Amino acid sequence: MKAFFPYVAETRGITVRVSVSYLAEQSEPAQARWFWAYHIRIENNGERAVQLLTRHWVITDGRGERHSVEGEGVVGEQPLILPGASYDYVSGCPLTTSTGSMQGSYHMLDTEGAAFDVVIPKFALTAPAVGA
């Protein structure tokens with residue numbers, strides 16, 4: 001699993017795994033537009049069901065400029081993840097530089113009413129070198 005999801009973080013029994021792919025067909029380097037897709041798997045290894053309520057991303061481009069993005073749920077959903085289950089989704093990120101990174105957190109609520117933040121591991125956004 002490590003090869004497919006090279007970025008991993010665990011918080012309170014919730015494991016977040018990330019893989020990222022550069023999408024050349026959606027990128028236009030001549031117009032300073034690079035695009036990546038990221039696949040996230042959230043695994044509940046805890047004893048209580050958890051619901052993902054909100055997300056917070058910090059996106060850093062190749063110039064070091066940071067952008068903060070917050071919102072409800074992920075891809076239009078606020079999934080309930082049962083113990084022993086996982087939730088997968090795919091989303092994307094455009095940048096105006098050929099490199100950057102993303103990291104963040106999910107705000108979760110468990111069935112006992114406890115709210116907590118789950119770390120999303122930092123992952124690199126790197127376009128292949130031109131001519132490589």
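**Close-up views of a predicted model**

**View 1. P6 and the residues it meets.** Leaving out residues up to four places away in sequence, P6 touches V18 and S19; contact here means heavy atoms within 4.5 Å. The model is predicted, so to speak of a local feature takes a pLDDT of at least 70 and to count a side-chain atom pair takes pLDDT 80 or more, while totals for chains, interfaces and linings use all residues. Residues are numbered from 1 along each chain as its sequence is written, and side-chain values use heavy atoms, with hydrogens and water left out. You will find P6 in the segment before β1 (7-11); strands are DSSP runs of E with at least two residues, numbered from the N terminus. P6 is partly exposed, at a relative accessible area of 36%; buried means under 20%, exposed over 50%, and partly exposed in between, with a 1.4 Å probe and protein chains only. From P6 to Q31, 25 residues apart in sequence, the C-alpha to C-alpha distance is 30 Å.

**View 2. The open sheet and its β1-β2 pair.** Four strands come in the order β1-β2-β3-β7 and form an open sheet with antiparallel pairing. Two of them, β1 and β7 (86-95), are the edge strands, and each pairs on one side only. Direction ignored, neighbouring strands of this sheet are turned by 20 degrees against each other on average; axes are lines fitted to C-alpha atoms, and angles run from 0 to 180 degrees between N-to-C directions. β1 and β2 pair in the antiparallel sense over five bridges, where pairing requires that DSSP finds at least two bridges between two strands. Look for V8, which stands opposite R17 in β2.

**View 3. Two loop residues with positive phi.** R12 lies in the loop between β1 and β2 (14-22). Although R12 is not a glycine, its phi is positive, at about 50 degrees. R12 counts as exposed because its relative accessibility is 54%. A32, also a residue other than glycine, has a positive phi near 55 degrees. A32 is found in the loop between β2 and β3 (34-44) and, at 32% relative accessibility, counts as partly exposed.

**View 4. S27 and its polar contact with Y22.** S27 has its place in the loop between β2 and β3. Relative accessibility is 9% for S27, so S27 counts as buried. The side chains of S27 and Y22 are joined by a polar contact of 3.4 Å: a pair of N or O atoms within 3.5 Å, where within protein one must be able to donate a hydrogen and the other to accept it, and residues adjacent in sequence count only if both atoms are side-chain atoms. Not counting residues up to four places away in sequence, S27 touches Y22, R33, W34 and F35.

View 5. Strands β4 (residues 50-61) and β5 (residues 66-72) run antiparallel and are joined by seven bridges. T54 has E72 in β5 as its bridge partner. Four residues lie between the two strands of this hairpin, and G64 in the turn has a positive phi of about 85 degrees. I59 is located in strand β4 and is buried, with a relative accessible area of 13%. Its neighbours within four places in sequence aside, I59 is in contact with E65, R66, H67, V69, C93, L95, S101 and M102. I59 and Q103 are 44 residues apart along the chain, and their C-alpha atoms are separated by 6.7 Å.
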